[in-house]
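Welcome! Let's take a short walk through this structure, starting with a pair of rings.

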Amino acid sequence: MNKRLLLSALILSNLLLSAGRLTAQSSGRDMLYYDKVDEEQARQDARNSASEDEANAVLFSSSKIDWRKGTFTSNVSMDIVKAGIPMPSGKNAAVNKVKMELPVLIKDPLLSVYVDDTRTLSDMVLDGSLTLEELTRIIDNAKETPAYFQNGGDRLLTEHTIRLEDIGSLFVKHKSPYTQQKPIARIASRAYTGIVIDARGMLPVHGEFVESLVDPCLFPKVYDSNMTLVYERNMVDPKIASRQGINSYFTDVNDKDFEKRVGDDPLWITAEQVFGVYRCDPIISSEDYLRIATVPENLKLLQQGKIAILLGKEQISHRVSAPDKSTSYYVELQKLRYVFEDKVPNTVIKDGPGGIQITVQDLNFVADSAELLPNDKERVGIIAAQIKDVVAKGNYTIKVEGHTADVNKPTGQMQLSIDRANSIVSILTAIGIDKSLISSRGYGGTRPIADNSTSEGRAANRRVEITIMPADSFTQKR
């Protein structure tokens with residue numbers, strides 16, 4: 001049998017097995033990859049990801065973000081009895097252990113923070129814009145309350161607070177701000193003391209037929225209805241951007257710090273839409289943009305970061321969760337790695353920040369459409385069958401993200417990536433996965449993983465990423 005026929009036979013056999021047309025008992029497939037599973041390694045991986053089984057956990061941490069205060073706060077506790085540390089002589093040892101373990105306990109929730117409209121801190125680590133060493137340094141230098149005992153001395157507690165501005169300052173790279181040129185069109189306006197954008201409530205998402213709440217991020221952008229960029233981080237004096245961020249978020253205009261940010265006579269603007277993968281960027285009317293841009297004093301407000309964005313309470317302050325990467329999660333990851341190895345070409349599987357990440361590269365579609373060519377449809381079908389098997393065994397959801405090569409057609413690329421992500425969703429649901437478990441997004445060509453100037457690089461960038469996400473946990477355990 002030649003190689004092509006052998007590969008086809010393997011693909012067909014694997015698809016049939018995974019789809020459940022042959023039972024695991026009769027095929028023996030489960031026995032094969034269960035032999036490959038190292039359960040002790042899976043337990044160790046769970047401990048390292050701060051998803052230890054609660055019965056064995058010694059350290060616990062729960063985190064909350066407050067964009068109004070600009071803080072990321074974690075409440076950390078240690079079970080002194082389980083830790084086996086004698087008291088009171090061992091208090092210093094217990095405090096040192098908590099400090100040493102903090103980066104592991106806090107890391108995953110912290111990595112979920114939105115940097116801008118398309119990237120989280122996790123994305124910045126993955127693309128090399130941020131190192132884990134830099135993040136660990138921020139954690140180590142953050143404010144921490146003195147440790148104290150609770151429950152008759154059985155628990156040691158402390159509160160750890162990171163300033164979001166300290167994280168944001170890592171991404172302020174410009175040396176001087178730039179000022180937009182005055183627009184040709186003009187409108188009657190005057191000088192104001194600041195700019196307030198009311199983005200509360202559901203808003204239409206630009207370019208999509210849905211509505212969404214606006215979410216905060218470290219560096220929001222502001223556009224007008226013609227998608228003219230009105231405001232972004234490089235317009236702000238870098239010293240101001242590093243020290244206090246490029247804007248403040250509020251829910252209440254009577255907040256004591258509101259006037260400090262925008263003065264006593266601000267320009268009030270109501271957002272009309274929201275933009276961005278993470279729905280962070282308010283869109284204002286062209287008239288409101290002109291009210292800013294035609295007055296030099298108002299353009300100066302942008303440079304000074306005198307911007308306040310009003311959002312709902314649930315967006316500004318909330319608990320932060322992280323994927324619960326339990327021992328069973330790592331067992332499933334090991335199984336998938338074995339099944340995918342040499343059986344699904346141009347597909348990479350890894351333990352990503354959000355869960356099991358399957359990157360399907362060099363996908364071939366009918367030109368300028370979201371229809372997969374037959375060979376790739378078969379490849380995605382095999383992957384879908386494996387995903388169905390994992391989801392059936394645990395509490396998981398699925399995220400599908402579409403990416404295109406960048407050929408200088410940003411609007412078309414964005415829509416095409418959304419359509420292609422949805423075509424993968426159709427395959428997943430066709431095989432029997434509940435559609436309510438699946439979400440999808442498109443990024444266009446904004447997240448390249450290779451050089452778009454070469455055909456090989458464009459092929460790598462033309463991909464779909466499917467993440468099998470375990471249920472979130474608000475408490476990290478180690």
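Tyrosine 329 and tyrosine 330 are both buried, meaning under 20% relative accessible area with a 1.4 Å probe and protein chains only. They form an edge-to-face aromatic pair, 4.9 Å centre to centre with 90° between the planes; rings of Phe, Tyr and Trp (its six-membered ring) pair if their centres lie within 6.5 Å, and planes over 60 degrees apart count as edge-to-face. Please keep in mind that this is a predicted model, where local features need pLDDT of at least 70, side-chain atom pairs count only at pLDDT 80 or more, and totals for chains, interfaces and linings use all residues. Residues are numbered from 1 along each chain as its sequence is written, and side-chain values use heavy atoms, leaving out hydrogens and water.

Across the whole structure, a search finds six aromatic pairs. One of them joins tryptophan 67 and tyrosine 249, edge-to-face at 5.9 Å centre to centre and 75° between the planes. These two residues are 182 residues apart, so the pair links distant parts of the chain. Both tryptophan 67 and tyrosine 249 are buried. Elsewhere, ring pairs link Phe250, Phe258 and Trp268 into a cluster.

Now look at the largest nonpolar core, which has 72 residues; such a core is a set of buried Ala, Val, Leu, Ile, Met, Phe, Trp, Tyr and Cys residues joined through side-chain atoms within 4.5 Å. Phe72 and Leu110 are among the residues with the most contacts inside this core. A second, separate core of 38 residues includes Val331, Val339, Ile383 and Ile398.

Notes:
Buried < 20%, exposed > 50% of the residue type's maximum accessible area, 1.4 Å probe, protein only. Phe/Tyr/Trp six-rings, centres within 6.5 Å; stacked < 30°, edge-to-face > 60°. Helix = DSSP H or I, 4+ residues; strand = E, 2+ residues; numbered from the N terminus.
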